[in-house]
Amino acid sequence: MKFFTNRRLTVLFFFIVIMIGLSFNSCQELIKNKSLENKKTEATKQEVKTNQNEAKLLVMLSKDNQDVIQLSKSLQKIVEKDTVFKLAKKIEKAHLEIAKEFNTVATNKLITIPNHSELIIEEITDINREAKLNALNDLKSKIKNQLYLLNKLDETTNSKEFKQLIVKADTKINESLNKTKNIISNLKSNS
Amino acid sequence: MIKTLSNNISFLRTMLYLSAFVILVVGALTYRSITEVTKSSEMVTHTYKVNVELEQILSNLKDAETGQRGFIITRDSVFLDSYTSGRSKINNSFAELKVLTRNDTLLNTNLIALNGLINKRLIAFQTSYSSLPKDDIDDPAFISNFRDGKYLMDSISVKIKSIVSLQNNILETRKNEYENDLMATPLLLFSLLLCSLVLMYVAYNNIYKNIKKLKATNEALEIFKESTNQSEIVSKHGSWTWNVKDNVFTFSDNLYRLVGEQPQSFKPTIENFLNYVHPEDVEQLSKQTEQMKENVELPYIYYRVVHKNGNIKHLKAYGKSLINEENDTVLLGTTADITDEIMSFRALEERNMELERNNKELSSFNYVASHDLQEPLRKIQTFLSRLEDEEAENLSSKGTKYIDRIQNAATRMRLLIDDLLQFSRSNKADKVIEESNINLLLEAAKQDLAEVISAENAEITSDTFPTIKVIPFQIQQLFINLLGNAIKYKAEGKTPKIVIKHKVVDAEDEENIVKPKKAFYHKITFTDNGIGFEEQYAEQIFTLFSRLHNKDEYSGTGIGLSICKKIVENHSGYITASGQPGKGAVFTVYLPID
């Protein structure tokens, strides 16, 4: 304690301690800042990547949705039963709503999505059960693919808008799938 | 004043703190400036990135358009690659733009509008080759679609250009900011560097000067230390210091030698030192040391030390306190070996005592001898007188002659005894110097010589004397002897004339005064018109029993002037004589003025 009775030495001692502390702190801050900087860059890249993936998935979803609309339209042309027709109509309507929602989200999220199907559906001249089943199976696989893509989108995105869209679309798409499965089972049972 | 200030430690400290503050401030400003430069650079880069992505979108759309035209013309699906991949490329660019424009609402709105236009254009692309008649480029619907596509493309270009233009305006502002920051940063850095360099140089200069001074001081100190050591050895001194607070002593090398030891041969403590002190003086010295601790002062003290070889030395010590820079009290002391002085003093004392004894014996002898001799002499003279008176007719002429001669001899002896007695009385011991009226003393002397003055008709003139500090009876005797001589040695046929003069003189102006003890003297001159003497005898005449004439010419014992010299010497004065044969003599007496 004799050390501390000398005022000059005491002041010098505390000055050195403070300077060492400040230096450590500055280094710490510099390292933290650099680390933060890196994290920020990483986060930005990740965000861009996420945006790109979201866009990609939404484009694919939209494309499949347009295909489902197209398929359900062509299905309406080949079914005979009113109930199946109505079901197909409902599917079409549901997916048109889904398309609308996709458009809204795409507009807000600066994503361009296809608004037409590029499916080339050949005119079915011979409307037999097999052709219908094939068409229905195509529809079913498209709807299933949509569900798969929705699931992927759910895993990819953290956006509240996308999440809400996924929830809405999932319900509707599941309904569509059920309807499609009903139609298929109806068709199979009626044969 | 600047030099004085710059030597002031507080000023230097203040300058240091001020300089550190200035450097820190400039450093902080520089850091801030660099941060601003980095930020503005990032903003510029950000703007460039936005522009790049917008151009990329336009480029992708143009590629898709080109591809579309290629496909329409050639129907080769390879031309659709750019269309097929165009949407995902555009979406990727928009994904980048979304992140870049996160905080820019206006830009975001513009991008949404742009996206809408791009959507329409892509629909138009799709329509142009999927839903229109094939191989019929003249079809109005086809042409209308193409035209719509062109309009859409133009709108997209205009939109992109407007966004880019907005961005360029922002870029301009940001570039200006960046340039301003860029300009400031090197200036700040340079000023920081300059400040540091200047401070470093000033500090270096100061340190260099101080080191040089310190070196010179150290060298001088070394020389001084060495010369102090040597002077201590030569003058038989030792020095010591005592830090009162810490109770720490330091001894100089010679202090160790004073106690008969080699330098630094034992730890400098008071206890170790007391081991060398004479047993009879230990107690007293210990007490004085304790007092020194209390009073922080040491007046002169005397003690003895005993060397290992048995030699006893007398030492004298003195200490004085000093407050150092740390407010601690330090005692600085000197110890001197006064053994030689003590021995000399003792020898002197002994010699003095011996001399005193001798003087006393001599005085006693003089007095007793004179006194005792006078008695038988008186008897001789008495009985000679009786013989002359009562038996004169019974004495032969020879007898009478012999009696005369005996009487003369007895008279001479008496005179000699009287003079010897006077001489012994003229010792200064126990005689008091007092303020005396010299005029009265002169008169008294004249009274004593009244008979002879009257007999010779001597004329004595004198100045008026001031009061002088003298031994009265001795000065009176002086006057008696000088006046008596002047009358005795009168010139044949002349009336003795004696002139006594007085004045105050400066010792430096008087050749007769050699090594004056005082600055001013009373000068009393006795000038007579007697027989005088030759100058060569001027000093001899003051020697005891020295005479220039034999007893047949002039009576006397040769003691008178010796008595005058002794009297004047008793008064720390001087007496000189000068004469001219046949003309007279001048006796000058100098008595000092205090």
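Predicted model: local features only at pLDDT ≥ 70, side-chain atom pairs only at ≥ 80, totals over all residues.
Reader: How many residues of chain B are in contact with chain A, and how many salt bridges are counted between the two chains?
Author: On the side of chain A, 22 residues take part in the contact. They meet 22 residues of chain B. The count of salt bridges between chain A and chain B is one.

Reader: Which residues of chain A lose the most area to chain B?
Author: The area buried between chain A and chain B is about 1900 Å², and carbon and sulfur atoms give 51% of that area. Three residues of chain A together account for 36% of what that side buries. They are Q52(A), L110(A) and T112(A).

Reader: Which side chain of chain A meets R102(B) in a salt bridge?
Author: A salt bridge requires a side-chain nitrogen of Lys or Arg within 4 Å of a carboxyl oxygen of Asp or Glu. The N to O distance for R102(B) is 2.5 Å. The partner of R102(B) is E47(A).

Reader: Which helix gives the largest share of the lining of the second largest pocket?
Author: The second largest pocket has a volume of about 1500 Å³. Among the 34 residues lining this pocket, E37(A), K40(A), T41(A), T44(A) and E42(B) are the closest to its centre. At least two lining residues come from each of helix 2 (7-78) of chain A and helix 2 (9-74), helix 3 (81-100) and helix 5 (140-235) of chain B. The largest share, 13 residues, comes from helix 2 of chain B.

Reader: How many charged residues are in the lining of the second largest pocket?
Author: The lining of this pocket includes eleven nonpolar residues. Polar residues in the lining also number eleven. The charged residues number twelve.

Reader: What is the volume of the largest cavity?
Author: A search of the whole structure finds one cavity of 30 Å³ or more. Of the 15 residues that line the largest cavity, W240(B), I270(B), F273(B), M292(B) and Y303(B) lie nearest its centre. The volume of the largest cavity is about 180 Å³.

Reader: How many nonpolar residues are in the lining of the largest cavity?
Author: Strand 2 (248-251), helix 7 (270-274), helix 8 (279-295) and strand 3 (298-306) of chain B each supply at least two residues of the lining. The lining has no charged residues and three polar ones. Its nonpolar residues number twelve.

Reader: Why does N65(A) count as buried?
Author: N65(A) belongs to helix 2 of chain A. Leaving aside neighbours within four places in sequence, N65(A) is in contact with H95(A), I98(A), A99(A), F102(A) and Q146(A). A residue is buried when its relative accessible area is under 20%. N65(A) counts as buried because its relative accessibility is 0%.

Reader: What is the C-alpha to C-alpha distance between L71(A) and D138(A)?
Author: L71(A) is also part of helix 2 of chain A. With a relative accessible area of 10%, L71(A) is buried. In sequence, L71(A) and D138(A) are 67 residues apart. In space, their C-alpha to C-alpha distance is 7.9 Å.

Reader: Against which helices and strands do the buried residues of helix 14 of chain B pack?
Author: Helix 14 of chain B spans residues 560-570. The buried residues of this helix are L561(B), S562(B), I563(B), C564(B), I567(B), V568(B) and N570(B). They pack against helix 10 (397-425), helix 13 (472-488), strand 11 (574-580) and strand 12 (584-593) of chain B.

Technical notes: Residues numbered from 1 in each chain as written. Chains lettered and ligands numbered in written order. Heavy atoms only, no water. 1 Å grid on protein atoms, 1.4 Å probe; cavity = no way out; pocket = protein on both sides within 12 Å on 5 of 7 lines; lining within 4 Å. Points joined across faces, edges and corners; volume = space filled by probe spheres on them. Helix = DSSP H or I, 4+ residues; strand = E, 2+ residues; numbered from the N terminus. Nonpolar A, V, L, I, M, F, W, Y, C, P; charged D, E, K, R; others polar. Buried < 20%, exposed > 50% of the residue type's maximum accessible area, 1.4 Å probe, protein only. Contact = heavy atoms within 4.5 Å. Buried area = accessible area lost by both parts, 1.4 Å probe.
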